[in-house]
Amino acid sequence: MATESFSRTFEVNTDWGIKNLEKAIDEGSVSVRRVKTPEYQKKFKEMTTITEEDCEKLRKAYGVDK
């Protein structure tokens, strides 16, 4: 059965990923709309900003002196 299913000829449309991405951007998919909100941008900035306290915790954890 599996051998038969692989013997069929088919064609892959290489543009489908690009077209879906363009559609998502144009229509504003849930993900695109979410990342444009001020709340998400604030959260992203908080997640990607290392504070001095974070640096101190890392120094202690890895035994690094200033």
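This is a predicted model: local features need pLDDT of at least 70, side-chain atom pairs count only at pLDDT 80 or more; totals for chains, interfaces and linings use all residues.
Let me begin with helix α2, which covers residues 16-27, has twelve residues and reaches 16 Å from its first C-alpha to its last, close to the 16 Å expected at 1.5 Å a residue, where the expected span is 1.5 Å times one less than the number of residues. Helices here are DSSP runs of H or I with at least four residues, strands are runs of E with at least two, and both are numbered from the N terminus.

Residues are numbered from 1 along each chain as its sequence is written, and side-chain values use heavy atoms, with hydrogens and water left out.

The protein has five helices and zero strands, and from the N terminus on the order is α-α-α-α-α. Of its 66 residues, 2% count as buried, where buried means under 20% relative accessible area, exposed means over 50%, and partly exposed lies in between, with a 1.4 Å probe and protein chains only. The protein exposes about 6700 Å², of which carbon and sulfur atoms supply 58%; accessible areas come from the Shrake-Rupley method with a 1.4 Å probe, and for residues only the protein chains shown count as cover.

Coming back to α2, the helix is followed by G28, whose phi is positive, near 70 degrees. E27 is found in α2, and E27 counts as exposed because its relative accessibility is 58%.

Now the charge pairs: how many salt bridges does the structure hold? There are two salt bridges, each being a side-chain nitrogen of Lys or Arg within 4 Å of a carboxyl oxygen of Asp or Glu. In one, R59 pairs with E52, with the closest N and O atoms 3.2 Å apart, and E52 is partly exposed, at a relative accessible area of 44%. In the other, the side chains of R59 and E56 meet at 3.3 Å, N to O; both residues lie in helix α5, residues 52-62, three residues apart, about one turn of the helix. E56 counts as partly exposed, at 34% relative accessibility.
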